[in-house]
Amino acid sequence: MVNLGSIWQNLLASQAPLQSMTGNATTMAGLATYSLPQLPYAYNALEPYISAQIMELHHSKHHQTYVTNLNNALKVHVAAIASSDIPAQIAQQPAIKFNGGGHINHSLFWKNLAPAETPETNYSKAAPSLAAEIEKTWGSFDEFKKAFSAALLGIQGSGWGWLVKESTAEKGRLRIITTKDQDPVVGGEVPVFGVDMWEHAYYLQYLNGKAAYVENIWKVINWKTAEERFQGSREDAFADLKALL
Amino acid sequence: MERDISDSRNQSANSLTLSLSLDKQAVTMSASLFRATPVARSALRAASAVKPAATFVRGKATLPDLQYDYGALEPYISSKIMELHHSKHHQTYVNGLNSALTTIAEAESKGDFTKAASVAPLLNFHGGGHLNHTLFWENLAPASREGGGSPDGALGKAITTEFGSFESFVKQMNAALAGIQGSGWAWLAKDKAANGKLALITRANQDPVTGNYVPLLGIDAWEHAYYLQYENRKAEYFEAIWNVINWKTVAKRFEA
Ligand SMILES: [Fe+2]
Ligand SMILES: [Fe+2]
């Protein structure tokens, strides 16, 4: 590996979540090539709440594009490192963040969804410790749901809503956050579950009625995954992904 | 029991309007949206003198009429997209803008400037959405009428000077559109600070073009602008839209 001191170190640090997903990556001369993770259910498994057509396009086209563009950006970036071209390295960073974020976010999202009316989507049975913490924090599940839904509907433009567990200051505390575009949750929090609020996530089925999408997403939240992430560390949330692939 | 999709879709249409009671007057088609602009500006000057309520009501933003039918931009932009985009999305920005203005006016009358200031992001988002879409509709025309082709005259010359050629300008604008990470717009604008020189700029979400830039031609790169027809193939939408650009409007704005 070319020794580029702190620049390379910083980059590695900023890519930590990606690094832990290398279960589906082939490493060639220090360059990881990421690939699209398989869905843990069929495209039509979330019907009628999310249509098969949305799931297929979202996974096989949108997520694939993030993966493809991430690999391309990393390739250019590695070449820029090899040629000690710092401006060219910096120029790739927005693309790495956007497409790497898109890859991370969607990988987490697929896993925190599950077919409705299955053991995985049974909130109180599948997520006992998370449920206790949610009720401690918001008073009741309904209050939490109201707050989370309002956060989702308040996003101006493309973005995501997340339930996160603090892992540094106020360790263990739950919080609702929103992130713009494909910004990933990489500030040290544990992502418990996320909801994609890009229009491509619902438009073919719900059109401009995003409130109905938000109402229905609760039917397909995988509380088993949420419970596991809540109990685990940030590394576990990403490692969990790796085990799936 | 589980609510069925069609049922909840109907309910959502209402909850989407930011729980605003929809003023019937706001839905009435009216001549020009720019009636709203002075109000938006004065609202931004939050600390300005208290205005009588009548002034505010007169300045209510309304959804502008399209100068062509919903189906008139086919096959480049489908009728269904146009109808939803205009009657639902744009209407939601109009409602959200009026709601923000009402909140500001009420806060202002109580001297609650903290409350007034807290509405600034909503004012920017919905006010921007209203302005951007109004400019956008006027930027479009059926291919069988003024739509498509390339501009001549002073605008055509300026484009060649700035971008090398018309084809090169289209290529650069499409690249700017494709490069938007998330929702946003790309604009051909006139830079008043640089003797009216043309500039290609992008704006995130519904941020309006302001300051020294005069917006001449805007293209909506939100997914709702193309998804029902082009799905994830947004490059095809960016190619197609040039067939329905109304260069007469762009030239008029350039020469103004
Ligand atoms: Fe997505
Ligand atoms: Fe739009």
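**Reading the domains, the chain interface and the metal sites**

A: We may begin with a single contact in this predicted model. A salt bridge joins the side chains of Asp183(A) and Lys97(A), with an N to O distance of 3.8 Å. Across the interface of domain 1 and domain 2 of chain A, the rule finds 1 salt bridge.

Q: Which residue ranges make up the two domains of chain A?

A: A domain may be assembled from separate segments, and its bounds come from an automatic or database assignment. In chain A, domain 1 comprises 4-32 + 50-111, and domain 2 comprises 119-243.

Q: How many residues of each domain of chain A are in contact, and what area is buried between them?

A: An interface can be described by its contacts and by the area that the two parts lose on being put together. In chain A, 23 residues of domain 1 are in contact with 30 residues of domain 2. The two domains bury about 2300 Å² between them, and carbon and sulfur atoms carry 67% of it. On the side of domain 1, Asn105(A), Leu108(A) and Lys111(A) lose the most area to domain 2, together 29% of what that side buries.

Q: What are the corresponding values for the domains of chain B?

A: Chain B is divided into domain 1 (2-68 + 76-139) and domain 2 (153-255). Here 20 residues of domain 1 are in contact with 30 residues of domain 2. About 2000 Å² is buried between these domains of chain B, with 60% from carbon and sulfur atoms. Tyr76(B), Asn132(B) and Asn139(B) are the residues of domain 1 that lose the most area to domain 2, together 36% of what that side buries. The count between the two domains is 1 salt bridge. Arg253(B) and Glu138(B) meet through their side chains in a salt bridge of 3.0 Å, N to O.

Q: How many salt bridges are counted between chain A and chain B?

A: The count between the two chains is 0. The area buried between them is about 2800 Å², of which 56% comes from carbon and sulfur atoms.

Q: Which residues hold the iron ion (ligand 1), and how are they spaced?

A: One reads a metal site from its donor atoms, their distances and their angles. The protein donors of the iron ion (ligand 1) are His58(A), His106(A) and His200(A), each through NE2, and Asp196(A) through OD, at 1.9 to 2.1 Å. Their spacing in sequence is H-x47-H-x89-D-x3-H. Because His106(A) lies in helix α4 (residues 86-111) and Asp196(A) in strand β5 (residues 190-196), the pair ties together parts that are 90 residues apart in sequence. Both residues of that pair, His106(A) and Asp196(A), are buried.

Q: Why is the arrangement around the iron ion (ligand 2) irregular?

A: Ideal angles for four tetrahedral donors are 109.5 degrees. The iron ion (ligand 2) is coordinated by His85(B), His133(B), Asp220(B) and His224(B) at 1.9 to 2.1 Å. The arrangement is irregular because its 4 donor atoms subtend angles of 89 to 135°. His133(B) counts as buried, at 0% relative accessibility, and His224(B) is buried with a relative accessible area of 1%.

Conventions. Residues numbered from 1 in each chain as written. Chains lettered and ligands numbered in written order. Predicted model: local features only at pLDDT ≥ 70, side-chain atom pairs only at ≥ 80, totals over all residues. Heavy atoms only, no water. Donors = N, O, S within 2.8 Å, 3.2 Å for Na, K, Ca; no water. Helix = DSSP H or I, 4+ residues; strand = E, 2+ residues; numbered from the N terminus. Buried < 20%, exposed > 50% of the residue type's maximum accessible area, 1.4 Å probe, protein only. Contact = heavy atoms within 4.5 Å. Buried area = accessible area lost by both parts, 1.4 Å probe. Salt bridge = Lys/Arg side-chain N within 4 Å of Asp/Glu carboxyl O. Tetrahedral: all angles 85-135°; square planar, octahedral: opposite > 155°, others 65-115°.
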